[in-house]
Structure formats: structure tokens, C-alpha cells
Amino acid sequence: MKEPERNLRELCRQYQAVLLNEDQKTITVALAGVPSAGMLEALHFTSQRRVQTERWPQARLEQYLQSEGDDAEKAQEPITLLVNHLLLQAFQRRASDIHIEPCATGMRVRLRIDGVLQPLQNISETQQAALIARLKILGNLDIAERRLPQDGQFTLQLQGLQAAFRLSTLPLRTGEKAVIRLLQSEAQDLALDKLGMPPDVLAQFRRALAQPQGLILVTGPTGSGKTFTLYSGLHTLNQPGRNVCSVEDPVEIPLPGVNQTQINPRAGLDFQCVLRALLRQDPDIIMLGEIRDAESAGIAVKAAQTGHLVLSTLHTNSTTETLTRLGQMGIPGYLLASALRLVIAQRLVRRLCPHCRAPAETLHDLPEQNRTGPLQTWQAVGCDHCFSGYYGRLPLFEMLPINSELQTAIAGNASSETLSLLAQRQQLNSLFIEGLNAVNRGDTSLAEVYRVIGVGHG
């Protein structure tokens, strides 16, 4: 079976139809009901031929579809094998995303492993259209639509395991790009002591979670592990005597016992709409996936003041920057001071492979003065186990409990410099210091800390 014919057959199957015949001018398909305009347009666009339809009884159609499916399993085509191979390689190398992007000649494939994109292979120009078409069929997307972005999901069996993927396409000047996110298929351990927090940091988090009301914020850029920290907190709070609710985009980890709502902006179900509805659902604990604007920030702060424990995330670089950002979003200082309980800033750095890491020089002059003593550095070497010198990732946390001094300063709209000085008085480690400590232990490299956090930032 040639690849264009295979794509046509799979497109028909998407619409519960079967391809009966095709010649240079016409294709003929059978289906049980009345053909939709979308199906006719997609078939015409894909085949560039006139579409004729036949109406069959449902039983006959199902029998034909079953036999056609059996035949397809016996002879997989090259593009199907190529897609399966790409997905399997990503799965085996622990990739979080696959980037398939058009370039001057064909397509470039890269895998995001431990937060960094790494080249995998190139795909010839002759396979480009068929590859994107195959992915769209898997994701149940419109194969004929190449002008607009599309999103879909699919599951496949890889090495005997059911693997789930999220597909996103985007039109570029040179063609269509596809990004495939590998979704977590295995049950994850959400226990707080598995987060990787140092004992004193974990104790601060536990104290905040034990409060009857207030706002706990986890901050950091995209891909820094904020959502997993929130889920771990929710997992601890999820008890039969509490009504635990969340509003997310999307729901990333199903939590039995938690009322999880996924937003749907196209249907008018946005964060603000769900948040307002949740407050009428007698909640004890609310998790808001992200504070995105002044309105969601205002609702979260007010909910935290009126007897609810609220957990959320914010895109800021440090704990003290979070205090000024909320002020810039229009939250009055007196409201924020009474609501906020704890701010956590976090990052993920790549962990050195224990099989091949090698000691490097010992440094005595460091850009950050708050850490005393020499710093033993390590270098990434690379071996058959890790390929890059790194294997997995390590979280770094910066913790800022809101004590009475900070409350008074926030209520009085103190400057960011004053807030920073008051935060430093608590003598808690910055992200950068936590990174240097991880370097000294041999968990990561200094270059990785600089890449993720910056020199002396934190």
C-alpha cells in the first residue's frame, strides 16, 4: 500500500468511513450516515480528486472496518514505522518533548532531555508531508488544515507499555512544525519527602500546609517543576474530611479525591470563571494552576483571606520579586500581607551522571559571598549510560516564610530593597547558594548552575 493511499484510508477511518476505490479523477468511500462537509473537504484536499459516497448498513461497515484494521496491522508502512521509531527513541531516552521542525532541506528532529534540546536526526523532504499527516491522524486533527495551529492527544503501545502523547502543530514560513509532549504514564510518588527539599526547607513547607487558611505560592519559569511541588502539597492535604478543589490548564496528574477542573477558554470556561464557581462549592483547599493576571490574583488573595488555603504558581525569578510583582498586579499591600503565608522559588538543574562524573578544580573565589569555604567542582564527561554527562534532574528551592516583620513591610508597601533585606535576615539560602551546595556535593556542575540560575542570582 502506498503512503498517500494509507493516509486516505486512515482519514476515512477517522470519519468512520471506508475507502472503496480510487482512480485519477475520483475516490469512492462508503459510510453509514450522511457525509459531513468537513469529511468531504478533508478527503478532497488530501486526494485532490472528486469524492463519491455510498451508504452502507452499519453492520456491514463495522465488519469491513474490522477486516481493514487487521490487514493494516500486518503491513505497517515506512512512515508509520518512522513515527513509531521516533516515539520509541524519545521514550527510551527519557525525553519530555519531541520537536519536529521544517528546515531548508527536510525536517530536523530534536529531543528535550532533562530540560535541554539535543539533536536526534534529520528527515528527508520526501517524507515531510507524510510524517505530519501521520501525526495529525494519530492526534485526530484536521489533516487538510495547514494554516492554523492545532492540538490533539493520542496513546500508543511502546515496549509493552501504554504511552500517552500531546501533539501541537504550528504553521511556519517553511512548513508545519510539530511538538509532541510525552505525558507521564507511570504513577508518580507525590510524597513531600520525595521532593528533594533539604530538611529545614521541607519543615517550612509542612508548617505552611498545616495552616487553616492563607496563600502559598510556588514561583519560577516554565519547566522548573512548580506544578509537581503543588501536586505534592495537594496530595498531603487530600483527606476525606476536606473538600479539595483545583482549576488547571491542563489537568496533568489525576488525583483521586480532588475535584479537578480543566479550563476551556473556547467554551468560556476560563480561570476566573472556574475560580468564582469554586468559591460557591464550599471548598477547604483550592489549587489554582497559575496566577495569570490581576483578576485571578485578586480572587486568590481574597479566597485566602476568607477561610481557604490557596496554592498557586507565579512566573517570577525569586521569592522577593514575587512580593513586588503582586503589588504591580494591583494587589493592595494590606491584603497581601494578611493572606500570604509562604513563597517558594525553585529551579531544576541537570544531575551529573554518577557513572562518569569527574572531579574538577577547587574554587576559593566565588561571586556569591554568603557561602564560606572552598567549592569542589565537577565536570560532565559522558558515557553509554547518560550520553551527555547528565542523567535526570535535581530541584533547587529557595524558601521565604512571611514572618511578622515582612507582613508589616508588605502592608506598608515597602520597597523591593527593604523586602530583600528583611528576607535575608531569616538567613535562608538563596537558589544560587543551594546550587553551589549541590555542586560541592557532586550532584551537578557549576556550569549547569550558571545556565539555570545565572551568576550570583537568587
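**Close-up views of a predicted model**

**View 1. The side chains of glutamate 176 and lysine 136 form a salt bridge.** The N-to-O distance is 3.0 Å; a salt bridge here is a side-chain nitrogen of Lys or Arg within 4 Å of a carboxyl oxygen of Asp or Glu. Glutamate 176 belongs to strand E9 and lysine 136 to helix H5 (residues 125–138), so the pair ties together parts that are 40 residues apart in sequence. Helices (H or I, at least four residues) and strands (E, at least two) are DSSP runs, numbered from the N terminus. Both glutamate 176 and lysine 136 are buried; buried means under 20% relative accessible area, exposed over 50%, and partly exposed in between (1.4 Å probe, protein chains only). The model is predicted, so local features need pLDDT of at least 70 and side-chain atom pairs count only at pLDDT 80 or more, while totals for chains, interfaces and linings use all residues. Residues are numbered from 1 along each chain as its sequence is written, and side-chain values use heavy atoms, with hydrogens and water left out.

**View 2. Aspartate 97 and arginine 181 are joined by a salt bridge.** Their closest N and O atoms are 2.5 Å apart. Aspartate 97 is in strand E4 (residues 95–102) and arginine 181 is in strand E9 (residues 175–183), so this pair ties together parts that are 84 residues apart in sequence. Aspartate 97 is buried, at 5% relative accessible area, whereas arginine 181 is partly exposed, at 34%. A search of the whole structure finds 16 salt bridges. Elsewhere, Glu101, Arg108, Arg110 and Lys177 are linked in a network of salt bridges.

**View 3. Helices H12 and H13 are roughly antiparallel to each other.** Their axes come within 10 Å and cross at roughly 175°. Axes are lines fitted to C-alpha atoms, for helices over the stretch in contact, and angles run from 0 to 180 degrees between N-to-C directions. Angles under 35 degrees count as roughly parallel, over 145 as roughly antiparallel, 65 to 115 as roughly perpendicular and the rest as oblique. H12 makes the contact (heavy atoms within 4.5 Å) through Glu405, Leu406, Ala409 and Ile410, and H13 through Leu419, Leu422 and Ala423.

**View 4. Arginine 425 forms a salt bridge with glutamate 405.** The closest N and O atoms of the two are 2.9 Å apart. Arginine 425 sits in the loop between helix H13 (416–424) and helix H14 (431–441), and glutamate 405 in helix H12 (residues 404–411), so the pair ties together parts that are 20 residues apart in sequence. Arginine 425 is exposed, at 58% relative accessibility, and glutamate 405 is partly exposed, with a relative accessible area of 37%.

**View 5. Three strands make an open sheet in the order E1-E2-E3, with mixed pairing.** Strand E1 (17–22) and strand E3 (50–55) are the edges, each with a single partner strand, so one side of each has no neighbour in the sheet. From one strand to the next, the twist averages 30°. Two strands pair if DSSP finds at least two bridges between them; E1 and strand E2 (residues 26–31) run antiparallel and are joined by five bridges. Valine 18 stands opposite alanine 30 in E2.

**View 6. Proline 265 lies in the loop between strand E12 (259–262) and helix H8 (271–278).** Proline 265 is exposed, at 56% relative accessibility.
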